[in-house]
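Have a look at the sequence and the model first.

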Amino acid sequence: MHTYKLIFLSVLFFTILPSTLVSQENQGSQKPSETYDIISKSNPRITTHHLTSGTSGFQIGITSNAGGIINEVVLPGLGDIMRFASDMYGRAGQVAIRDRAHGGRYNPTQAGFNETLGSKCTITQSSDKKTLIIDPRPLALWHGDGKYDFTRWENIGDDPYRKDAGKTDEDGLYEEYLPGKQLDEVKSEFDYYGTYEDLSGKHGITTAIIRHYYQISFIRPPGHCINQHRAGTKLWKPMHLQQDISVDAPKGLHEGTDKDMNNMFGVWSLRHDRNKWIPKHVYYRKNNGKWKSKLADGIEDWFPSCDNTVFISADSDNPLEGKALGLYRPKTEINREVIIGINETNGSIVYTDKRDSDNSITYNLKCVPKMSKYGFMNTNNGMINRTRLDANIYEAYRNEVYILYGTPKEIMDAIALLDVILGI
């Protein structure tokens, strides 16, 4: 049963204000209208759905060809700043998870397997055109980053390993008669579900602001996919196994195994083409609540005394002038207790657990010569596979991020108002 929407819409949307969002709730129990192969070849430059926020013309675009990733960000007067350097499935705006015990190579990724092999999905638009909903769908594994070849089969598309003639891998499993061939090798034990909602004009906020919620569910028992990354394989790192993955819930001792996620990190990143926009300054909020600005050039993931929740890329060091793009990961319950246990029978959240060890901003203005990359990284103990939990229970990893556009001051004011609404 696909009950993730019920969880999000009946519990998580209410983190803001329930009065204007109740109409979304009954969509929660619907199953995806279509099913797709876990990966298929498509054009990463195609945007299938758009969402506009505010009156300035700010807009994001997502694609149903690759898990609902963001592959368009329109800044008024500049157009789409994501073309061309970031219009690839391994880039764009998306989330991916890894864990250190599996050497960072068991890597369920929102987009798909490689730059042109995406995970198609169904995207539903709300009747008021304010929300885009990505139906639950299985996550594919990314191809291994050139460090671990786990795909014996390349019948759907090539992996990056050119010396194997498409016929060998390093996982030590006999896969000659694997029923689904490459599709079985890359279909992870995780599902993705997400929403993008325009909040401009609600709750007194007039600035362009889009709330993005995503949930990654460890919904399938450990199978062939994670077994390709089992203990003893090339990149297995047993020193990262957790003595107890859970903190408060579920009760009891849950020592990490190679069928769980140990010392896990989730990274949500947005990217843009530097030929389209090169912001000169970045604003961030310090631990004391004060805003600070720095020259953007040369910053690499370091903001002194930063609260690690928000930053603003901007044209000007005058907060009243210029274009600015802000990203905010507030300290809400969703982001403080990122691991939840879900009852598959009725969709209820049966526990939340604060397993975080670190939260940080990632910011690299020159990730590659023509592309900037920035976002947030969350590190936590990990996730427990469902065979070790009570019947009908599985764990999920959740986050919410806000994307804002305006002048730096407009974004700061919108965040201050949002904090009041969220009770932060």
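This is a predicted model: local features need pLDDT of at least 70, side-chain atom pairs count only at pLDDT 80 or more; totals for chains, interfaces and linings use all residues.

## Starting at alanine 296

Leaving aside residues up to four places away in sequence, alanine 296 touches Pro279, Lys280, His281, Val282, Tyr363 and Leu365. The residue sits in the loop between strand S15 (291–295) and strand S16 (306–314). Is alanine 296 buried or exposed? It counts as buried, because its relative accessibility is 0%.

For a sense of distance, take glutamine 182: it is 114 residues from alanine 296 in sequence, and the two C-alpha atoms are 42 Å apart in space.

The protein chain averages a pLDDT of 91, and 92% of the residues score at least 70. Residues 1–33 are another matter: pLDDT stays under 50 there, though the model still has 85 contacts beyond four places in sequence for this stretch.

## The nonpolar cores

The largest nonpolar core has 69 residues, and the members touching the most others are Phe58, Ile70, Val73, Phe190, Trp268, Leu325 and Tyr363. Strand S10 (residues 131–141) gives the most to this core, with 5 residues. There's also a second, separate core of 18 residues, with Ile209, Ala324, Leu418 and Leu422 among them.

Tryptophan 268 is worth a click. Not counting residues up to four places away in sequence, its contacts include Ile70, Gln94, Val95, His212 and Tyr214. Also touching tryptophan 268 are Leu327, Tyr374, Gly375, Phe376, Val401 and Ile403.

## Aromatic pairs

How many aromatic pairs does a search of the whole structure find? The count is 11. One of them joins phenylalanine 58 and tyrosine 405, which count as stacked because their ring centres are 5.5 Å apart and their planes meet at 5°; the cut-off for stacking is under 30 degrees. Phenylalanine 58 lies in the loop between strand S2 (49–52) and strand S3 (59–62), while tyrosine 405 belongs to strand S22 (residues 393–406), so the pair ties together parts 347 residues apart in sequence. Both phenylalanine 58 and tyrosine 405 are buried.

Tyrosine 328 and tyrosine 402 make a tilted pair, 6.5 Å centre to centre with 40° between the planes. Here tyrosine 328 comes from strand S17 (residues 324–328) and tyrosine 402 from strand S22, so this pair ties together parts that are 74 residues apart in sequence. Tyrosine 328 is buried, with a relative accessible area of 0%, and tyrosine 402 is buried with 0% as well.

Ring pairs also link Tyr284, Phe303, Phe311, Tyr363, Tyr374 and Phe376 into a cluster. As for a charge over a ring, the charged end of arginine 152 sits over the ring of tryptophan 153, 4.0 Å from its centre.

Cysteine 121 is in no disulfide, and the nearest cysteine sulfur, that of cysteine 225, is 19 Å away. With 3% relative accessibility, cysteine 121 counts as buried.

Cysteine 367 is in no disulfide either: the nearest cysteine sulfur is that of cysteine 306, 19 Å away. This residue is partly exposed, with a relative accessible area of 32%.

Technical notes: Residues are numbered from 1 along each chain as its sequence is written. Side-chain values use heavy atoms; hydrogens and water are left out. A disulfide is a pair of cysteine sulfur atoms within 2.5 Å. Buried means under 20% relative accessible area, exposed over 50%, partly exposed in between (1.4 Å probe, protein chains only). Rings of Phe, Tyr and Trp (its six-membered ring) pair if their centres lie within 6.5 Å; planes under 30 degrees apart count as stacked, over 60 as edge-to-face and the rest as tilted. Helices (H or I, at least four residues) and strands (E, at least two) are DSSP runs, numbered from the N terminus. A charge sits over a ring if NZ of Lys or CZ of Arg is within 6 Å of the ring centre and within 35 degrees of the ring normal. pLDDT is the predictor's confidence in each residue, from 0 to 100. Contact means heavy atoms within 4.5 Å. A nonpolar core is a set of buried Ala, Val, Leu, Ile, Met, Phe, Trp, Tyr and Cys residues joined through side-chain atoms within 4.5 Å.
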